[in-house]
Amino acid sequence: MVDPSLKQMKNKLSTNEGRLDLVKEVTKEGMLALEKANIRGNDYFVFKDAPKNLRDYYQLGLLHGDWTHIVYEDERYQFAETLKYSNQLANTLQSKFNIQKGDKVALSMRNYPEWMFSYIAATSIGAVIVPLNSWWKGDELEYGITNSEAKIFIGDEERLDRINGKVPNIPRISVRSNKPENLENDFYKLIEDQPHDLIDPVSIDPEDDASIMYTSGSTGYPKGVVLTHRGITFAPLYWVLLQTIGKQALEEEIVSVEDEIASLDQPATLVAVPLFHVTGSHAIFLLSIPVGRKTVLMYKWDAEKALDTIEKEKISAFTGVPTMSAEIVEAQVKNPRDISTLKDLLGGGAPRPPEQVKKQNKHMPNASPGIGYGLTETNALGANNNGETYLDKPTSTGFPLPLVMELRVIDDNGNVLKENENGEVCIKSASTFRCYWKNQEATDECLDSEGWFKTGDIGFIDEDGFLFINDRKKDMVIRGGENIACPEVEAAIAEHPAVLEASVFGIPDERLGEILATNVCIREESSLNGIELASFLSDKLANFKVPAHFWFQTEKLPRIASGKIAKKDMRAAAIELMGK
């Protein structure tokens with residue numbers, strides 16, 4: 001028998017009208033109250049009393065300053081300590097490295113506490129933080145540093161080694177390195193004599209640039225997505241609103257966000273996804289600040305260790321790529337722990353198979369399933385599906401919140417399609433990015449004058465306002481939550497002297513969702529094989545971009561009538577060959 005309260009929630013959240021009523025009720029007053037603001041020529045609903053910039057936003061952490069904020073192995077930092085170290089670094093950036101408002105600060109390292117300190121420090125002084133993919137190799141990191149015009153690089157030992165001999169004029173700050181050459185620019189040595197408060201808090205407007213995050217698209221090089229202070233702070237407050245209406249759907253009495261935070265045991269989350277992605281930086285790190293959530297950092301992903309940590313640290317929510325959520329369920333079935341505190345086991349960054357959701361609901365009924373859909377360009381916002389509505393529509397990525405998030409689907413001519421009609425998904429909200437860094441052409445291709453962003457994803461919206469994604473317009477593969485531009489990999493393969501041409505595509509994989517495969521046309525006299533080509537690529541590309549399967553031929557790759565390579569046909573043949 002269905003729990004009546006769950007049925008009530010389903011009724012309220014499963015229709016456009018029900019969600020609109022909930023949003024209107026919850027946003028009447030308090031921290032989530034709405035007002036209209038004009039942003040780059042278009043009107044949007046924004047949070048009326050939201051902090052005007054990220055520096056003000058970080059002060060929300062002082063509402064629970066003595067609570068534990070960050071846990072990394074045997075290290076623990078309170079919210080107040082996070083702000084202290086961040087302010088000390090901010091003062092160092094200004095006084096010792098002359099970082100000014102608008103200057104770019106590049107960052108790449110493992111999920112260390114210093115990643116968070118660096119993000120807070122740079123954005124608190126009006127600098128623009130540039131979180132680079134820590135899996136990138138030296139040439140890729142050099143590209144990100146150079147393209148962003150970074151004035152300084154903050155990295156751990158491994159990342160510093162990768163750029164050794166590259167970008168020689170860029171100062172470095174070293175994190176957790178014992179190498180003699182890095183001791184002079186050690187993070188804590190540089191900040192040790194700095195005050196705990198900001199010494200020069202420059203003026204920062206909501207529409208000032210705050211971050212450049214690189215994302216793979218349909219072109220060869222990653223594009224820098226420029227995000228503003230307002231766009232970034234909008235995202236965690238959107239999720240607070242989403243959580244609030246979810247609770248309100250079950251309750252008659254509206255409890256203010258502030259009162260609710262004060263009355264609860266401290267929530268806790270396990271951080272296993274990279275902080276350089278918006279899921280890690282926004283949905284986990286930044287969201288932890290207003291809700292007082294303990295964030296426990298993992299050195300490396302391991303499902304068994306994750307479950308041990310969930311039990312030890314009393315983790316209440318986990319957000320990871322679908323692969324991680326599935327592996328947690330599998331590990332718990334094989335070796336049960338007391339994880340009764342875990343209330344949410346969520347997936348994002350890639351589609352989540354319905355069978356995975358059913359399995360989680362069967363074996364971990366107390367951990368509500370969920371999925372989110374968003375992009376770097378939208379500060380991770382778009383649609384969400386959780387709990388009973390997710391079980392009801394497990395193939396949907398969810399719904400947008402009325403007033404603050406708009407979705408539509410268009411055809412190739414830009415016409416808006418009706419319910420259940422397939423086309424390109426578009427998103428519009430106050431969280432949308434400002435532009436692609438130094439790439440106006442790419443910006444104009446996907447962001448129109450009315451603020452609609454064309455995602456490159458293909459899908460439809462049903463009669464209840466739920467979004468279903470079923471294909472991609474862009475030549476991209478999503479491997480374990482990582483976006484990979486096929487042309488970038490094809491270009492790297494083509495650099496091998498034995499290669500004439502290559503076509504890269506994705507094939508299904510049970511664990512990672514998709515993996516890369518490629519058909520390669522080589523010179524007749526060549527004996528190039530997969531091991532040799534993979535080794536060649538490993539010096540040029542991050543490991544996740546190196547194909548798992550290679551097929552070689554001396555005949556030219558097949559073409560379609562227009563003369564383009566028949567990538568879809570080769571993909572279908574590969575899937576059949578692999579028995580996928």
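Because the model is predicted, local features require pLDDT of at least 70 and side-chain atom pairs count only at pLDDT 80 or more, whereas totals for chains, interfaces and linings use all residues. Residues are numbered from 1 along each chain as its sequence is written, and side-chain values use heavy atoms, with hydrogens and water left out.

Helix H13 (residues 303-313) packs against helix H14 (residues 322-334) at an angle of about 75 degrees, the axes being 9 Å apart; helices (H or I, at least four residues) and strands (E, at least two) are DSSP runs numbered from the N terminus, and axes are lines fitted to C-alpha atoms, for helices over the stretch in contact, with angles running from 0 to 180 degrees between N-to-C directions. H13 and H14 are therefore roughly perpendicular to each other, the class assigned to angles of 65 to 115 degrees, while those under 35 count as roughly parallel, those over 145 as roughly antiparallel and the rest as oblique. In this contact (heavy atoms within 4.5 Å), Ala303, Glu304, Leu307 and Ile310 of H13 meet Glu327, Ile328, Ala331 and Gln332 of H14. By class, the contact has 5 nonpolar, 1 polar and 2 charged residues, where Ala, Val, Leu, Ile, Met, Phe, Trp, Tyr, Cys and Pro count as nonpolar, Asp, Glu, Lys and Arg as charged, and the others, Gly among them, as polar.

With a salt bridge defined as a side-chain nitrogen of Lys or Arg within 4 Å of a carboxyl oxygen of Asp or Glu, the count comes to 29 salt bridges. Arg176 forms one with Glu75, the closest N and O atoms being 2.8 Å apart. Arg176 lies in the loop between strand E8 (172-175) and helix H8 (180-183) and Glu75 in strand E4 (residues 75-78), so the pair ties together parts that are 101 residues apart in sequence. Arg176 is partly exposed, at 32% relative accessible area, and Glu75 is likewise partly exposed, at 21%; buried means under 20%, exposed over 50% and partly exposed in between (1.4 Å probe, protein chains only).

A salt bridge also joins Asp464 and Lys393 (2.8 Å, N to O), linking distant parts of the chain that are 71 residues apart. Asp464 is partly exposed, with a relative accessible area of 23%, whereas Lys393 is buried, at 15%.

Arg559 and Glu501 form a further salt bridge, with the closest N and O atoms 2.9 Å apart. Arg559 is in the loop between strand E26 (549-553) and helix H20 (567-578), and Glu501 is in strand E24 (residues 499-509), 58 residues apart.
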